[in-house]
Amino acid sequence: MGLSKRIIPCLDVDHGRVVKGVRFVDIRDAGDAGEIARRYDEQGADEITFLDITASSDNRQTMVHVVEAMAEQVFIPLTVGGGIRRIEDIRRMLVAGADKVAINTAALANPEFVRDAASHFGAQCIVVAIDAKQVKRDESPRWEVFTHGGRRATGIDAVSWAVKMMEYGAGEILLTSMDRDGTRDGFDLELTRSVCDAVTIPVIASGGVGNLDHLVDGVLLGHADAVLAASIFHFGEYTVGDAKRRMAERGIEVRL
Amino acid sequence: MSVAMNTVAVIDYGMGNLRSVCKALEHVAPAARVLLTADPDALVRADRVVFPGQGAIGGCIAELDRLSLRAAVLQVMDTKPFLGICLGLQALFDFSEEGGGTRGLGVLPGRVALFPREQMHDAISGQVLKVPHMGWNQAHQVAGHPLWRGIAQDARFYFVHSYYADAGDRGQVMAVTEYGIRFTSAAGRENIFAVQFHPEKSQQAGLRLLENFMSWDGTT
(Lines give C-alpha, C1' and ligand atoms only; values in the text may rest on other atoms or scores of the structure.)
Protein backbone atom coordinates (compact mmCIF):
# COMPACT_ATOMS: atom_id res chain seq x y z
CA MET A 1 0.00 0.00 0.00
CA GLY A 2 1.38 3.35 -0.98
CA LEU A 3 2.11 5.71 -3.79
CA SER A 4 2.00 4.04 -7.20
CA LYS A 5 4.51 4.54 -9.99
CA ARG A 6 3.01 6.61 -12.78
CA ILE A 7 2.76 5.81 -16.47
CA ILE A 8 2.62 8.94 -18.59
CA PRO A 9 1.92 8.80 -22.31
CA CYS A 10 3.58 11.70 -24.05
CA LEU A 11 2.11 13.46 -27.07
CA ASP A 12 4.50 15.41 -29.27
CA VAL A 13 2.13 17.89 -30.84
CA ASP A 14 2.52 19.78 -34.10
CA HIS A 15 -0.49 21.88 -35.05
CA GLY A 16 -2.90 19.67 -33.15
CA ARG A 17 -1.50 16.43 -34.56
CA VAL A 18 0.53 13.92 -32.60
CA VAL A 19 3.85 13.16 -34.24
CA LYS A 20 6.82 11.09 -33.24
CA GLY A 21 10.28 11.02 -34.73
CA VAL A 22 13.56 9.27 -34.09
CA ARG A 23 15.95 11.74 -32.47
CA PHE A 24 13.62 14.52 -33.59
CA VAL A 25 13.75 13.66 -37.31
CA ASP A 26 11.76 11.27 -39.48
CA ILE A 27 8.38 12.42 -38.15
CA ARG A 28 5.37 10.06 -38.36
CA ASP A 29 1.78 11.23 -37.88
CA ALA A 30 -0.09 9.36 -35.14
CA GLY A 31 -3.40 11.22 -35.18
CA ASP A 32 -5.44 13.96 -33.54
CA ALA A 33 -4.06 15.04 -30.14
CA GLY A 34 -7.46 15.24 -28.44
CA GLU A 35 -8.59 11.83 -29.62
CA ILE A 36 -5.36 10.19 -28.58
CA ALA A 37 -5.39 11.80 -25.15
CA ARG A 38 -8.95 10.58 -24.56
CA ARG A 39 -7.95 7.06 -25.54
CA TYR A 40 -5.07 7.08 -23.03
CA ASP A 41 -7.34 8.41 -20.31
CA GLU A 42 -9.74 5.49 -20.95
CA GLN A 43 -6.82 3.05 -20.83
CA GLY A 44 -5.90 4.28 -17.35
CA ALA A 45 -3.02 6.70 -17.99
CA ASP A 46 -1.93 8.36 -14.74
CA GLU A 47 -1.17 11.69 -16.41
CA ILE A 48 -0.77 12.99 -19.95
CA THR A 49 2.05 15.19 -21.22
CA PHE A 50 1.70 17.40 -24.30
CA LEU A 51 4.91 18.70 -25.85
CA ASP A 52 4.74 21.45 -28.43
CA ILE A 53 7.55 20.37 -30.75
CA THR A 54 7.69 23.48 -32.89
CA ALA A 55 7.09 26.04 -30.13
CA SER A 56 5.96 28.58 -32.71
CA SER A 57 3.38 31.12 -31.60
CA ASP A 58 0.65 29.63 -33.81
CA ASN A 59 1.29 26.18 -32.55
CA ARG A 60 1.13 27.48 -28.99
CA GLN A 61 -2.34 28.85 -29.71
CA THR A 62 -3.38 25.43 -31.06
CA MET A 63 -1.98 23.89 -27.87
CA VAL A 64 -4.11 26.19 -25.71
CA HIS A 65 -7.17 24.92 -27.59
CA VAL A 66 -6.11 21.28 -27.23
CA VAL A 67 -5.65 21.77 -23.48
CA GLU A 68 -8.97 23.61 -23.14
CA ALA A 69 -10.76 20.78 -24.92
CA MET A 70 -9.01 18.17 -22.77
CA ALA A 71 -9.87 19.94 -19.52
CA GLU A 72 -13.57 19.46 -20.40
CA GLN A 73 -13.37 15.69 -20.55
CA VAL A 74 -10.12 14.25 -19.23
CA PHE A 75 -9.93 14.26 -15.45
CA ILE A 76 -6.32 13.35 -14.81
CA PRO A 77 -3.31 15.70 -14.56
CA LEU A 78 -2.17 17.37 -17.78
CA THR A 79 1.33 18.73 -18.35
CA VAL A 80 2.24 21.05 -21.20
CA GLY A 81 5.75 21.82 -22.42
CA GLY A 82 7.49 23.52 -25.31
CA GLY A 83 8.08 27.24 -25.66
CA ILE A 84 7.23 28.11 -22.04
CA ARG A 85 9.39 31.21 -21.58
CA ARG A 86 7.47 33.74 -19.53
CA ILE A 87 5.23 33.81 -16.47
CA GLU A 88 2.45 34.79 -18.84
CA ASP A 89 2.95 31.58 -20.89
CA ILE A 90 2.49 29.54 -17.71
CA ARG A 91 -0.58 31.46 -16.66
CA ARG A 92 -2.17 30.91 -20.08
CA MET A 93 -1.64 27.16 -19.94
CA LEU A 94 -2.92 26.87 -16.38
CA VAL A 95 -5.98 28.94 -17.21
CA ALA A 96 -6.59 26.70 -20.22
CA GLY A 97 -6.66 23.73 -17.83
CA ALA A 98 -3.10 22.43 -17.61
CA ASP A 99 -1.95 21.30 -14.17
CA LYS A 100 1.77 21.56 -14.78
CA VAL A 101 4.11 23.14 -17.28
CA ALA A 102 7.48 21.80 -18.36
CA ILE A 103 10.25 24.38 -18.68
CA ASN A 104 13.45 23.60 -20.55
CA THR A 105 15.31 26.22 -22.60
CA ALA A 106 14.01 29.14 -20.53
CA ALA A 107 15.43 27.59 -17.37
CA LEU A 108 18.86 27.33 -18.97
CA ALA A 109 18.69 30.88 -20.25
CA ASN A 110 17.69 32.16 -16.83
CA PRO A 111 17.46 29.80 -13.84
CA GLU A 112 15.73 32.55 -11.83
CA PHE A 113 12.73 32.02 -14.08
CA VAL A 114 12.15 28.67 -12.36
CA ARG A 115 12.27 30.32 -8.95
CA ASP A 116 9.80 33.01 -10.06
CA ALA A 117 7.51 30.45 -11.64
CA ALA A 118 7.49 28.27 -8.51
CA SER A 119 6.79 31.22 -6.25
CA HIS A 120 3.96 32.46 -8.50
CA PHE A 121 2.20 29.16 -9.07
CA GLY A 122 3.64 26.71 -6.53
CA ALA A 123 6.36 24.10 -7.06
CA GLN A 124 3.70 21.45 -7.74
CA CYS A 125 3.08 22.80 -11.23
CA ILE A 126 6.66 23.50 -12.28
CA VAL A 127 8.39 20.64 -14.07
CA VAL A 128 11.91 21.21 -15.32
CA ALA A 129 12.62 19.23 -18.49
CA ILE A 130 16.22 18.17 -19.00
CA ASP A 131 17.52 16.77 -22.30
CA ALA A 132 20.80 14.99 -21.57
CA LYS A 133 23.42 13.32 -23.71
CA GLN A 134 26.32 11.17 -22.60
CA VAL A 135 29.62 12.95 -23.23
CA LYS A 136 32.11 10.74 -21.43
CA ARG A 137 32.06 7.04 -22.04
CA ASP A 138 34.79 5.62 -19.83
CA GLU A 139 34.37 4.17 -16.33
CA SER A 140 32.71 7.30 -14.92
CA PRO A 141 30.07 8.41 -17.40
CA ARG A 142 28.97 12.03 -17.54
CA TRP A 143 25.96 13.57 -19.19
CA GLU A 144 25.60 17.05 -20.49
CA VAL A 145 22.46 19.16 -20.88
CA PHE A 146 21.50 19.93 -24.50
CA THR A 147 18.97 22.36 -25.91
CA HIS A 148 17.22 22.86 -29.24
CA GLY A 149 16.18 19.26 -29.67
CA GLY A 150 19.60 17.94 -28.78
CA ARG A 151 21.54 20.09 -31.23
CA ARG A 152 23.10 22.59 -28.89
CA ALA A 153 25.46 21.65 -26.06
CA THR A 154 25.45 23.77 -22.90
CA GLY A 155 28.50 22.40 -21.11
CA ILE A 156 26.31 21.87 -18.02
CA ASP A 157 26.42 18.57 -16.15
CA ALA A 158 22.94 17.01 -16.18
CA VAL A 159 23.02 15.63 -12.62
CA SER A 160 24.16 18.89 -11.03
CA TRP A 161 21.64 20.80 -13.16
CA ALA A 162 18.82 18.61 -11.81
CA VAL A 163 19.95 19.32 -8.24
CA LYS A 164 20.18 23.03 -8.96
CA MET A 165 16.68 23.10 -10.46
CA MET A 166 15.31 21.34 -7.38
CA GLU A 167 16.94 24.02 -5.24
CA TYR A 168 15.38 26.70 -7.43
CA GLY A 169 11.93 25.31 -6.70
CA ALA A 170 11.14 22.76 -9.43
CA GLY A 171 8.51 20.29 -8.21
CA GLU A 172 9.53 17.54 -10.61
CA ILE A 173 12.16 16.67 -13.23
CA LEU A 174 11.35 15.30 -16.70
CA LEU A 175 14.57 13.63 -17.78
CA THR A 176 15.07 12.67 -21.42
CA SER A 177 18.06 10.80 -22.78
CA MET A 178 18.83 12.32 -26.19
CA ASP A 179 20.92 9.26 -27.01
CA ARG A 180 17.95 6.97 -26.54
CA ASP A 181 15.00 9.12 -27.57
CA GLY A 182 13.13 7.39 -30.40
CA THR A 183 15.56 4.45 -30.60
CA ARG A 184 13.39 1.90 -28.72
CA ASP A 185 16.52 0.60 -26.99
CA GLY A 186 15.23 1.37 -23.49
CA PHE A 187 15.98 4.18 -21.04
CA ASP A 188 19.54 5.24 -20.32
CA LEU A 189 19.33 3.57 -16.91
CA GLU A 190 22.60 4.91 -15.58
CA LEU A 191 21.60 8.46 -16.36
CA THR A 192 18.14 7.90 -14.88
CA ARG A 193 19.49 6.38 -11.67
CA SER A 194 22.14 9.07 -11.27
CA VAL A 195 19.55 11.83 -11.45
CA CYS A 196 16.85 10.02 -9.44
CA ASP A 197 19.25 9.29 -6.59
CA ALA A 198 20.64 12.83 -6.57
CA VAL A 199 17.36 14.68 -6.05
CA THR A 200 14.54 14.40 -3.51
CA ILE A 201 11.80 15.49 -5.92
CA PRO A 202 10.05 13.07 -8.30
CA VAL A 203 11.75 12.22 -11.60
CA ILE A 204 10.00 11.13 -14.80
CA ALA A 205 12.21 8.95 -17.01
CA SER A 206 11.90 9.51 -20.75
CA GLY A 207 13.52 8.51 -24.01
CA GLY A 208 13.95 5.13 -25.62
CA VAL A 209 11.03 2.96 -24.52
CA GLY A 210 10.50 0.16 -27.04
CA ASN A 211 8.78 -2.50 -24.94
CA LEU A 212 7.06 -2.99 -21.62
CA ASP A 213 10.12 -4.35 -19.84
CA HIS A 214 11.85 -1.06 -20.49
CA LEU A 215 9.20 0.62 -18.33
CA VAL A 216 9.80 -1.95 -15.57
CA ASP A 217 13.57 -1.35 -15.78
CA GLY A 218 13.07 2.41 -15.56
CA VAL A 219 11.46 1.96 -12.15
CA LEU A 220 13.40 -1.00 -10.72
CA LEU A 221 16.86 -0.19 -12.08
CA GLY A 222 16.56 3.50 -12.91
CA HIS A 223 14.68 4.36 -9.66
CA ALA A 224 12.25 6.53 -11.62
CA ASP A 225 9.08 7.76 -9.94
CA ALA A 226 7.23 7.86 -13.25
CA VAL A 227 7.90 6.57 -16.75
CA LEU A 228 7.02 8.36 -19.93
CA ALA A 229 6.61 6.79 -23.35
CA ALA A 230 5.23 7.84 -26.70
CA SER A 231 5.46 5.62 -29.74
CA ILE A 232 4.78 2.24 -28.05
CA PHE A 233 1.32 3.56 -27.22
CA HIS A 234 0.58 5.71 -30.28
CA PHE A 235 0.58 2.99 -32.87
CA GLY A 236 -1.51 0.56 -30.84
CA GLU A 237 1.33 -1.85 -30.06
CA TYR A 238 0.55 -1.77 -26.36
CA THR A 239 -2.12 -0.11 -24.26
CA VAL A 240 -1.43 1.72 -21.03
CA GLY A 241 -3.30 -1.15 -19.35
CA ASP A 242 -0.83 -3.68 -20.81
CA ALA A 243 2.02 -1.62 -19.39
CA LYS A 244 0.45 -1.47 -15.94
CA ARG A 245 -0.24 -5.20 -15.86
CA ARG A 246 3.37 -5.97 -16.77
CA MET A 247 4.65 -3.60 -14.09
CA ALA A 248 2.30 -5.13 -11.51
CA GLU A 249 3.53 -8.64 -12.41
CA ARG A 250 7.05 -7.46 -11.70
CA GLY A 251 6.02 -6.25 -8.25
CA ILE A 252 5.69 -2.55 -9.01
CA GLU A 253 2.80 -0.75 -7.39
CA VAL A 254 0.52 0.73 -10.07
CA ARG A 255 -3.00 2.09 -10.23
CA LEU A 256 -4.99 -0.62 -12.03
CA MET B 1 -41.24 27.76 -12.27
CA SER B 2 -38.90 24.82 -12.20
CA VAL B 3 -37.34 23.38 -9.08
CA ALA B 4 -34.72 25.65 -7.57
CA MET B 5 -31.38 25.37 -9.38
CA ASN B 6 -28.59 23.58 -7.50
CA THR B 7 -25.88 26.23 -7.37
CA VAL B 8 -22.32 25.42 -6.34
CA ALA B 9 -19.89 28.26 -5.69
CA VAL B 10 -16.20 27.56 -6.24
CA ILE B 11 -14.18 30.08 -4.25
CA ASP B 12 -11.90 31.98 -6.63
CA TYR B 13 -9.02 33.48 -4.72
CA GLY B 14 -6.63 33.37 -7.61
CA MET B 15 -4.75 30.17 -6.76
CA GLY B 16 -4.42 26.89 -8.59
CA ASN B 17 -6.12 25.31 -11.53
CA LEU B 18 -9.71 26.27 -10.79
CA ARG B 19 -10.89 25.53 -14.30
CA SER B 20 -10.40 21.82 -13.67
CA VAL B 21 -12.53 21.93 -10.54
CA CYS B 22 -15.34 23.75 -12.36
CA LYS B 23 -15.19 21.46 -15.39
CA ALA B 24 -15.32 18.36 -13.24
CA LEU B 25 -18.35 19.70 -11.31
CA GLU B 26 -20.11 20.55 -14.58
CA HIS B 27 -19.31 17.07 -15.84
CA VAL B 28 -20.85 15.26 -12.84
CA ALA B 29 -23.80 17.61 -12.39
CA PRO B 30 -24.81 18.92 -15.83
CA ALA B 31 -28.02 20.45 -14.48
CA ALA B 32 -26.28 22.43 -11.74
CA ARG B 33 -25.00 25.96 -11.93
CA VAL B 34 -21.25 26.16 -11.28
CA LEU B 35 -20.11 29.58 -10.22
CA LEU B 36 -16.45 30.56 -9.94
CA THR B 37 -16.58 33.56 -7.66
CA ALA B 38 -14.79 35.84 -5.22
CA ASP B 39 -18.02 37.57 -4.22
CA PRO B 40 -18.88 36.93 -0.54
CA ASP B 41 -22.62 37.39 -1.23
CA ALA B 42 -22.53 34.78 -3.97
CA LEU B 43 -21.04 32.28 -1.50
CA VAL B 44 -23.77 33.00 1.00
CA ARG B 45 -26.47 32.58 -1.67
CA ALA B 46 -25.10 29.33 -3.14
CA ASP B 47 -26.49 25.94 -2.15
CA ARG B 48 -23.04 24.45 -1.65
CA VAL B 49 -19.46 25.67 -1.66
CA VAL B 50 -16.13 24.26 -2.86
CA PHE B 51 -12.90 25.63 -1.41
CA PRO B 52 -10.09 24.50 -3.74
CA GLY B 53 -6.46 25.40 -3.48
CA GLN B 54 -2.89 24.95 -4.51
CA GLY B 55 0.29 26.77 -3.70
CA ALA B 56 1.31 28.18 -0.34
CA ILE B 57 -1.03 28.47 2.63
CA GLY B 58 0.19 31.92 3.69
CA GLY B 59 -0.85 33.30 0.32
CA CYS B 60 -4.17 31.50 0.50
CA ILE B 61 -5.19 32.94 3.87
CA ALA B 62 -3.90 36.40 2.91
CA GLU B 63 -5.95 36.34 -0.31
CA LEU B 64 -9.11 35.32 1.58
CA ASP B 65 -8.65 38.37 3.80
CA ARG B 66 -7.69 40.70 0.97
CA LEU B 67 -10.89 39.73 -0.86
CA SER B 68 -12.92 40.01 2.39
CA LEU B 69 -13.95 36.39 2.04
CA ARG B 70 -13.08 35.05 5.47
CA ALA B 71 -16.37 35.93 7.15
CA ALA B 72 -18.43 34.52 4.29
CA VAL B 73 -16.37 31.32 4.20
CA LEU B 74 -16.83 30.82 7.94
CA GLN B 75 -20.52 31.59 7.64
CA VAL B 76 -21.22 29.07 4.87
CA MET B 77 -19.23 26.45 6.77
CA ASP B 78 -21.85 26.66 9.51
CA THR B 79 -24.68 25.42 7.37
CA LYS B 80 -24.01 24.51 3.73
CA PRO B 81 -22.45 21.39 2.25
CA PHE B 82 -18.81 22.46 2.06
CA LEU B 83 -15.94 20.69 0.29
CA GLY B 84 -12.30 21.65 0.83
CA ILE B 85 -9.71 20.40 -1.67
CA CYS B 86 -5.93 20.15 -1.06
CA LEU B 87 -4.95 23.51 0.44
CA GLY B 88 -8.70 23.86 1.08
CA LEU B 89 -8.31 21.01 3.59
CA GLN B 90 -5.10 22.32 5.15
CA ALA B 91 -6.53 25.82 5.63
CA LEU B 92 -9.33 24.46 7.83
CA PHE B 93 -6.95 23.41 10.62
CA ASP B 94 -5.62 25.56 13.48
CA PHE B 95 -2.07 25.93 12.31
CA SER B 96 0.37 25.13 9.51
CA GLU B 97 4.12 25.19 9.90
CA GLU B 98 4.46 26.29 6.26
CA GLY B 99 6.06 29.66 5.62
CA GLY B 100 7.48 29.94 9.15
CA GLY B 101 4.07 29.27 10.71
CA THR B 102 0.63 30.29 9.48
CA ARG B 103 -2.59 30.39 11.47
CA GLY B 104 -5.38 28.54 9.65
CA LEU B 105 -9.13 29.08 9.81
CA GLY B 106 -9.36 26.92 12.93
CA VAL B 107 -12.50 25.10 11.87
CA LEU B 108 -10.99 21.67 12.57
CA PRO B 109 -8.56 21.00 15.42
CA GLY B 110 -5.14 19.86 14.30
CA ARG B 111 -2.03 20.99 12.53
CA VAL B 112 -0.27 20.85 9.19
CA ALA B 113 3.42 19.96 8.92
CA LEU B 114 6.12 19.28 6.32
CA PHE B 115 6.72 15.59 5.52
CA PRO B 116 9.55 14.70 7.94
CA ARG B 117 12.64 14.04 5.82
CA GLU B 118 14.07 11.46 8.26
CA GLN B 119 10.98 9.25 7.98
CA MET B 120 10.64 9.41 4.21
CA HIS B 121 11.79 5.90 3.32
CA ASP B 122 9.86 3.09 1.70
CA ALA B 123 9.23 0.40 4.33
CA ILE B 124 10.08 -2.43 1.93
CA SER B 125 12.69 -1.15 -0.53
CA GLY B 126 14.26 1.40 1.79
CA GLN B 127 14.30 3.84 -1.14
CA VAL B 128 13.89 7.54 -0.36
CA LEU B 129 10.32 8.82 -0.72
CA LYS B 130 10.23 12.00 -2.76
CA VAL B 131 8.60 15.25 -1.64
CA PRO B 132 6.25 16.59 -2.98
CA HIS B 133 4.11 13.51 -2.49
CA MET B 134 3.00 13.42 -6.11
CA GLY B 135 0.84 10.83 -7.81
CA TRP B 136 -1.82 8.24 -7.09
CA ASN B 137 -2.10 6.96 -3.55
CA GLN B 138 -4.75 5.13 -1.58
CA ALA B 139 -7.29 6.73 0.71
CA HIS B 140 -8.20 4.32 3.48
CA GLN B 141 -11.70 5.28 4.58
CA VAL B 142 -11.89 5.19 8.38
CA ALA B 143 -15.45 6.46 8.70
CA GLY B 144 -18.57 5.87 6.67
CA HIS B 145 -19.80 8.99 4.92
CA PRO B 146 -22.25 9.85 2.13
CA LEU B 147 -19.32 11.20 0.08
CA TRP B 148 -17.67 7.77 0.01
CA ARG B 149 -20.75 6.16 -1.54
CA GLY B 150 -19.80 3.97 -4.51
CA ILE B 151 -16.06 4.46 -3.93
CA ALA B 152 -14.05 1.33 -3.15
CA GLN B 153 -12.14 1.08 0.12
CA ASP B 154 -8.48 2.08 -0.53
CA ALA B 155 -9.32 3.60 -3.92
CA ARG B 156 -6.50 5.64 -5.44
CA PHE B 157 -6.67 9.41 -5.82
CA TYR B 158 -4.22 11.95 -7.24
CA PHE B 159 -2.18 13.80 -4.61
CA VAL B 160 0.33 16.61 -4.90
CA HIS B 161 1.52 18.27 -1.71
CA SER B 162 4.57 18.72 0.53
CA TYR B 163 2.70 19.42 3.77
CA TYR B 164 0.26 17.04 5.41
CA ALA B 165 -2.53 17.43 7.93
CA ASP B 166 -2.75 15.66 11.26
CA ALA B 167 -6.28 16.01 12.61
CA GLY B 168 -6.39 16.58 16.36
CA ASP B 169 -9.80 14.92 16.73
CA ARG B 170 -9.76 11.29 15.55
CA GLY B 171 -13.54 11.44 15.18
CA GLN B 172 -13.08 13.97 12.41
CA VAL B 173 -10.72 11.81 10.33
CA MET B 174 -12.53 10.44 7.27
CA ALA B 175 -9.55 8.80 5.53
CA VAL B 176 -5.85 8.18 6.11
CA THR B 177 -3.04 7.66 3.62
CA GLU B 178 0.44 6.20 4.06
CA TYR B 179 3.50 7.98 2.70
CA GLY B 180 6.45 7.55 5.01
CA ILE B 181 4.02 8.42 7.77
CA ARG B 182 0.26 8.05 8.08
CA PHE B 183 -1.59 11.32 7.50
CA THR B 184 -5.16 12.62 7.35
CA SER B 185 -6.21 12.49 3.69
CA ALA B 186 -9.86 13.34 4.37
CA ALA B 187 -11.46 15.05 7.34
CA GLY B 188 -14.77 16.58 8.24
CA ARG B 189 -17.66 17.05 10.56
CA GLU B 190 -21.37 17.71 10.01
CA ASN B 191 -21.70 19.65 6.72
CA ILE B 192 -17.95 19.99 6.15
CA PHE B 193 -15.83 17.50 4.19
CA ALA B 194 -12.29 18.10 3.02
CA VAL B 195 -9.78 16.04 1.08
CA GLN B 196 -6.04 16.34 0.62
CA PHE B 197 -6.15 14.80 -2.87
CA HIS B 198 -7.57 16.33 -6.04
CA PRO B 199 -10.90 14.66 -6.87
CA GLU B 200 -11.09 16.75 -10.06
CA LYS B 201 -7.90 15.01 -11.24
CA SER B 202 -8.68 11.53 -9.91
CA GLN B 203 -10.69 10.11 -12.78
CA GLN B 204 -13.61 7.79 -11.86
CA ALA B 205 -13.12 7.74 -8.09
CA GLY B 206 -12.70 11.51 -7.95
CA LEU B 207 -15.67 12.22 -10.18
CA ARG B 208 -17.80 9.93 -8.03
CA LEU B 209 -16.83 11.87 -4.90
CA LEU B 210 -17.76 15.16 -6.60
CA GLU B 211 -21.03 13.66 -7.80
CA ASN B 212 -21.77 12.55 -4.24
CA PHE B 213 -20.97 16.04 -3.01
CA MET B 214 -23.34 17.63 -5.52
CA SER B 215 -26.27 15.63 -4.14
CA TRP B 216 -25.23 15.74 -0.48
CA ASP B 217 -27.62 17.42 1.94
CA GLY B 218 -24.85 18.13 4.43
CA THR B 219 -25.86 15.51 6.97
CA THR B 220 -24.06 12.33 7.88
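This is a predicted model: local features need pLDDT of at least 70, side-chain atom pairs count only at pLDDT 80 or more; totals for chains, interfaces and linings use all residues.
Colleague: What polar links are counted between the chains?

Modeller: There are 18 residue pairs in polar contact, with both residues at pLDDT 80 or more. The count of salt bridges between chain B and chain A is five. One joins the side chains of K130(B) and D225(A), at 3.0 Å from N to O.

Colleague: Now the inside. Where do nonpolar side chains tend to be?

Modeller: In soluble globular proteins, they tend to be buried together. Here the largest nonpolar core has 81 residues. Those with the most contacts inside it include L11(A), I48(A) and F50(A).

Colleague: What does F50(A) touch, beyond residues up to four places away in sequence?

Modeller: Its contacts include L11(A), V13(A), A33(A), M63(A) and V80(A).

Colleague: How do I read burial for one residue? Take I192(B): buried or exposed?

Modeller: Look at the relative accessible area. Under 20% is buried, and over 50% is exposed. I192(B) is at 0%, so I192(B) counts as buried. I192(B) lies in strand β14 (residues 192–195) of chain B. Leaving aside neighbours within four places in sequence, I192(B) is in contact with M77(B), F82(B), L92(B), V107(B), A187(B) and W216(B). Sequence distance and space are separate matters. I192(B) and L74(B) are 118 residues apart along the chain, and their C-alpha atoms are separated by 11 Å.

Colleague: How about a helix? Which residues of α8(A) are buried?

Modeller: Helix α8 of chain A covers residues 212–220. Its buried residues are L212(A), H214(A), L215(A), V216(A), G218(A) and V219(A). They pack against α7 (189–198), β12 (226–229), α9 (231–234) and α10 (240–249) of chain A. Check the helix end too. N211(A) caps the N-terminal end of α8(A), with a side-chain oxygen 2.9 Å from the backbone nitrogen of D213(A).

Colleague: Back to salt bridges. How many are there over all chains?

Modeller: A search of the whole structure finds 27. Read each pair for its setting. D89(A) and R86(A) form one, with the closest N and O atoms 2.9 Å apart. D89(A) is buried at 3%, whereas R86(A) is partly exposed at 48%.

Colleague: How far apart are R246(A) and E249(A) in helix α10 of chain A?

Modeller: They are three residues apart, so about one helical turn separates them. They form a salt bridge, with the closest N and O atoms 3.9 Å apart. R246(A) is partly exposed at 28%, and E249(A) is exposed at 63%.

Colleague: And chain B?

Modeller: R182(B) and E178(B) meet in a salt bridge at 2.6 Å, N to O. Salt bridges can also share partners, as those that join R6(A), E47(A), K100(A) and E172(A) into one network do.

Technical notes: Residues are numbered from 1 along each chain as its sequence is written. Chains are lettered from A and ligands numbered from 1 in the order in which they are written. Side-chain values use heavy atoms; hydrogens and water are left out. A salt bridge is a side-chain nitrogen of Lys or Arg within 4 Å of a carboxyl oxygen of Asp or Glu. A polar contact is a pair of N or O atoms within 3.5 Å; within protein, one must be able to donate a hydrogen and the other to accept it, and residues adjacent in sequence count only if both atoms are side-chain atoms. A nonpolar core is a set of buried Ala, Val, Leu, Ile, Met, Phe, Trp, Tyr and Cys residues joined through side-chain atoms within 4.5 Å. Buried means under 20% relative accessible area, exposed over 50%, partly exposed in between (1.4 Å probe, protein chains only). Contact means heavy atoms within 4.5 Å. Helices (H or I, at least four residues) and strands (E, at least two) are DSSP runs, numbered from the N terminus.
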